[in-house]
Structure formats: structure tokens, C-alpha cells
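Subject: Handover of a structure and summary of findings

Dear colleague,

Please find below the sequence and structure that I am passing on to you. A summary of the findings follows it.

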Amino acid sequence: MTAAQEDPDWAGLRAVLPRATAASRPFWDGCRRGELLLSHCNVCGHVFYYPRRHCPSCAALDPGWKRSTGRGQVFSFTVVAVSFHGSGWESQLPYTVVLVDLDDGPRMMSRLIGPGRESVASGDRVEVVFPEIDGQRLPFFRKSG
Ligand SMILES: [Zn+2]
């Protein structure tokens, strides 16, 4: 299913696509399945984002994974009105970059899409969605009311 079939508001979305690393590959595989996975330390229990080989709390190696609820609230945001990726990016302007405090703990930077993105405020509730862009599903957020 393409992004446009899932939600008409997703049609035409563009993004700079990620390159998976050994540490982040399970995260991107989760996105492909519509799951937001967070790293979870098997030693101290710390839940963290972004994916990395060691726990930022206790430095233990080889953390596991925990499925996030994908829900949280906007900590802060900015509206980007200038293309940083050349003229091919202008169709995306303006777009909203959000810092989301996930209910699971970590803070995550992402993009806010969908209705109401122009009137976002700190504290707004959001939920993750996974539009497909050029074959990659990305963890973006939309307002959840
Ligand atoms: Zn730890």
C-alpha cells in the first residue's frame, strides 16, 4: 500500500532517507512493519532513542528492543520555511519539525504531518504514523487530539 492510499494528506511527502546501520537496522525494520521500536537496556532498564550499541545511562553493550505506544506530546517545534535541500524540496515548505516526548520516556525529533500541523503547540498530543516515502516507511507524527 502506498502512502497516498493510506492517507491522502501523505501524498507528495518527501524526505531525506536514512541509511540503516547495524545498530539501527531493527528500528527501521520495525518502521517497515508499522512499529516504533525503542532501545531498551537489559542491564539497567533505561529506554532510549536513538538506537545505538551502548546504553547512554550505564554503558552496557547490546541493548534489546521495546515496542513504543507511539504516543506522546510535543515538547517543542519549529516551522521550516526555507529549503535546505535545493529547489526540489520547495514543494514540502513549510513543514513542521517536532520534538516529541514519548509516553515511553525518550524524546524524539521527527516531522509533524496531517491536519493541524500549522497550529501545533507545546503540549499537544501526537501519535506516530508511518508514511511510505520512496519505499521507506518513516516514523512521523500527527496530532491526536
Ligand atoms: Zn543501561
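To begin with a term used below: two strands are said to pair if DSSP finds at least two bridges between them. Helices (H or I, at least four residues) and strands (E, at least two) are themselves DSSP runs, numbered from the N terminus. With these terms, G72 has V126 in strand 7 as its bridge partner.

Two remarks on the source are needed. This is a predicted model, in which local features need pLDDT of at least 70 and side-chain atom pairs count only at pLDDT 80 or more, while totals for chains, interfaces and linings use all residues. Residues are numbered from 1 along each chain as its sequence is written.

Overall form

The protein contains two helices and 10 strands. Read from the N terminus, the order of these elements is α-α-β-β-β-β-β-β-β-β-β-β. The radius of gyration is 16 Å, close to the 15 Å given by the globule rule for 145 residues, so the protein is as compact as a globular protein of that length. Here the radius is taken over C-alpha atoms, and the rule is 2.2 Å times the number of residues to the power 0.38. Along the principal axes, the C-alpha atoms fill a box of roughly 45 × 30 × 30 Å.

Of the 145 residues, 26% count as buried. A residue is buried if 20 or more other C-beta atoms lie within 10 Å of its own, exposed if 12 or fewer, and partly exposed in between, with C-beta atoms placed from the backbone. Two residues are in contact if their C-beta atoms, placed in that way, lie within 7 Å. Among contacts with a separation of 6 or more, 51% join residues 24 or more positions apart.

Domains

The protein divides into domain 1 (19-67) and domain 2 (69-145), with bounds that come from an automatic or database domain assignment. Their C-alpha centres are 21 Å apart. Eight residues of domain 1 are in contact with 10 residues of domain 2. On the domain 1 side, helix 2 (25-32) and strand 2 (47-48) are the elements that give two or more residues. That side is made up of six nonpolar residues, one polar and one charged. In this count, Ala, Val, Leu, Ile, Met, Phe, Trp, Tyr, Cys and Pro are nonpolar, Asp, Glu, Lys and Arg are charged, and the others, Gly among them, are polar.

Three strands form an open, antiparallel sheet in the order 2-1-3. Strand 2 and strand 3 (64-67) are at its edges with a single partner strand each, so one side of each has no neighbour in the sheet. Strand 1 (residues 37-40) and strand 3 are joined by four bridges, and L37 has R67 as its bridge partner in strand 3.

Strand 7 (residues 125-129) runs antiparallel to strand 4, with three bridges between them. Four bridges also join strand 7 to strand 10 (residues 140-143), again in antiparallel fashion. In that pairing, V126 stands opposite K143.

The nonpolar core

A nonpolar core is a set of buried Ala, Val, Leu, Ile, Met, Phe, Trp, Tyr and Cys residues joined through C-beta atoms within 7 Å. The largest such core has 24 residues, and V100 and F141 have the most contacts inside it. At least two of its residues come from each of strand 1, strand 5, strand 6 (107-112), strand 7 and strand 10. Leaving out residues up to four places away in sequence, V100 touches G72, V74, F75, R107, M108, S110, V126 and F141.

Backbone features

Most residues other than glycine have a negative phi, and most peptide bonds are trans. The following are therefore listed for your attention as departures from that pattern.

- Y49 and Y50 are joined by a cis peptide bond with omega about 20°; Y50 lies in the loop between strand 2 and strand 3.
- The bond from L93 to P94 is cis, with omega near -15°; P94 lies in the loop between strand 4 (71-80) and strand 5 (95-102).
- D62 has a positive phi near 60° and is exposed, with 11 other C-beta atoms within 10 Å.
- D134 has a positive phi of about 50°, and the residue lies in the loop between strand 8 (132-133) and strand 9 (136-137).

Yours sincerely
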